[in-house]
Amino acid sequence: MNETVLQTIHLTKRFGNVTAVKDLSLEIRAGEIFGFLGPNGAGKTTSINLICGLMAPDSGEVRIDGKPVRDDGGITRRVGVCPQEIVLWERLTCFEQLEFVGEMYGVSAKESRRRADLLLEEMNLEEKRNAQARTLSGGLQRRLNLIMALVHDPEIVILDEPEAGLDPQSRVRVRQYIQSLARRKTVILTTHNMDEADRVADRIAIIDHGELLRTGTPAELKRTIGEGDVVEIRLAGDASQLETALAAVKGIDPQAEARLEGDLLSVRMLNAVSRLPELMDRIGRAGARATEMRIRENTLEDVFLQLTGRRLRE
Amino acid sequence: MKLISVARKSLIELLREPMLLGMVLITPLAFLLLDGFAYQTPHLRTLSVLAAVNTPAGNGAVGYLRRLTYPDGRPIFKLETATNLDTAEAALRERTAAALLILDPGAAGAPLAYTIRGDPLFLDYLDAASILDSRLTEYQNDQNGIHPPVRVVEHPIAAATFRTRTDFIVYAPGLLVFAILLLVPQTALLLGREIRTRTIRRLRLSGVSSVEFLGGIGVSQVVMAAVQIVLISAGLIAFGLDPSRALLPVLLASFLVAVSAIGAGLIVGCFIQNDSQAVNLGSTVTMLQVFASGSFFPVPAPALFRLFGHEIGWNDILPATHAMTALQQSILYGANLGQIGFRLGAAAALSLIFFLIGAFLFQWKVMRYSAAA
């Protein structure tokens, strides 16, 4: 679990004046599920393209088992990639797609066919074995898209937004499947879904504007922004009353962090539940009124907000 | 093995796409049938001529012309008497008659004077006028006891094949080249689709080489071309091609055109991003090759230099030009493989060069490590 299988070393990629990936240095360990978390356009897919060898960096390099990834060493064949968009041959059946891709990776025809049937069964697609890809629903196409990355039994599996566009049933199936890959394979996944990253990934890299902001386990990342729970209170009142309420809440505890976004007051502090009466009292004395309230744990969304000043969905 | 897998996959895709399959197999056959029925008339055909006879001496001339025949016994002219000049002029304009022959008394002792009227833009008129003029001069000389000092004997180089030749066979080489060159847009389409659907990225990641991938596409297209050539050749035979004389050269030259078309399709595939661009650019390249190779009509191509005794013009850079020449030689004049060896060799060499250029460009623009993903 501690052995580094993939490294990116000062990886930079520019498109004209835009730096899509800036000085990205990472170490990904064998058998872990590593998540790239960031909003759309953060540089996740470009990072993935650089890692899997689809794109050459302007500077820096990617190493797999210490060897640089280029197109001449066949190293990228140890990697399986599930792209964000559905990439299928429209008029081939599910089985034919898998068989063909296996053969392209140099797997024998017999072994390709065996693995194709196995993967179709694992992803509950065996009934669609002989259906052409163009006849499948979007969810089934995405499932097929995912197992196409695995037919040559790669050591490293890269999944670019694997849950994007999935119906709830397929999402559960795909998430279970990704978790089942853990320890058997090294999995790198990109997502802008904090819930997906939190539930699935062993470690997460938060990336924005092409820049790596922080790396760690979900628990470590959440700890970096402080201990305690988050109380979210929707307020009614005029602007000055809301500002007064914010200032009053900040005075509760020097360790507490409070933030006002529109009419939503977020307060992170230890023992939040036991201090709720005091919190409500201070809000009331500021002239504001709570219309809605909830208490939750820190999330990766909070981490991203802390690091960038904006939410993942913005 | 990867090459075979790519070929098998491409053929499966083609067989499951009736429109694409139809474009390659049905379109050439449709052209063949249309042209075959349209030009089924013999190349040396009986010409319809109206005769206005204004002198008794003219009746003899008309009788003489009516007795003229081609070597196979068919009459050269179908001569009808024109009773009304206005009606005759209308027939010329409607092209129901090739020419109007007006026979008048000759001046200064000559028994006959003749006028030939018709539309110079009508090919039949040119044929009719030429034959009428020469044969009437010959007739007058005979009548006057004049024996010309020089006797002209015509001996057509394709005389041996005249009996079976029709206009269709004259156009057959060009039709064949055009039909096979339809493989250019189809080959480009297969590549354009891989680029549009981004499946080419899967192939790049797998480490398949350009030669394996393009070779596989090429093999699938060669299989299609083989079916296409067999169908077209069967059609040509049905419409008058003598298989005992020309079949093997036709098959060889057709195959070489197919290889060059596939190579051109691969080159086109390097400059497109989707299916419609493939069809548009591929069709343009097809038409340019068809015209430049002289498949539709002769193209002025002054000799730039000589190679192995053959004049080489600007359009000889195209394999289709050599294949077209080889097809003309074999279909029209019954040339054997030895006689068209240079053209076949040149077409083969240029086809290989086209394919290699296509493979190199595809590797450089699409498949290489630093190519745009």
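# Worked exercises on a two-chain predicted model

Among contacts in chain A of this predicted model between residues at least 6 apart in sequence, 69% join residues at least 24 apart.

**Exercise 1.** Describe the make-up of chain A, stating what share of its 314 residues is buried and how many helices and strands the chain has.

*Solution.* Begin with the secondary structure, which for chain A comes to ten helices and 14 strands. Next take the extent along the principal axes, where the C-alpha atoms of chain A fill a box of roughly 75 × 45 × 40 Å. Finally turn to burial, for which a residue needs 20 or more other C-beta atoms within 10 Å of its own; buried residues make up 43% of the 314 residues in chain A.

**Exercise 2.** Determine how chain B is divided into domains, and how far apart the C-alpha centres of these domains lie.

*Solution.* The domain assignment gives domain 1 of chain B as 2-40 + 166-367, and domain 2 as 47-159. With these bounds in hand, the C-alpha centres of domain 1 and domain 2 of chain B are found to lie 46 Å apart.

**Exercise 3.** Work out the strand order of the open four-stranded sheet in chain B, and state which strands form its edges.

*Solution.* The order is E2-E1-E3-E4 in chain B, and the pairing is mixed. The edges are strand E2 (77-81) and strand E4 (113-117) of chain B, each of which pairs on one side only, while the twist averages 25° from one strand to the next. Looking at one pair in detail, strand E1 (residues 47-53) of chain B runs parallel to E2(B) and is joined to E2(B) by five bridges; within E2(B), Thr81(B) is the residue that stands opposite Ala51(B).

**Exercise 4.** Characterise the side of chain B that touches chain A, asking which helix supplies its largest share.

*Solution.* Count the residues in contact, which are 23 in chain B and 25 in chain A. Helix H1 (2-15) and helix H8 (199-206) of chain B each supply at least two residues of the chain B side, and the largest share, seven residues, comes from H8(B).

Key:
Residues numbered from 1 in each chain as written. Chains lettered and ligands numbered in written order. Predicted model: local features only at pLDDT ≥ 70, side-chain atom pairs only at ≥ 80, totals over all residues. Domains from an automatic or database assignment. Buried ≥ 20, exposed ≤ 12 C-beta atoms within 10 Å, placed from the backbone. Contact = placed C-beta atoms within 7 Å. Pairing = 2+ DSSP bridges. Axes fitted to C-alpha atoms, helices over the stretch in contact; angles between N-to-C directions.
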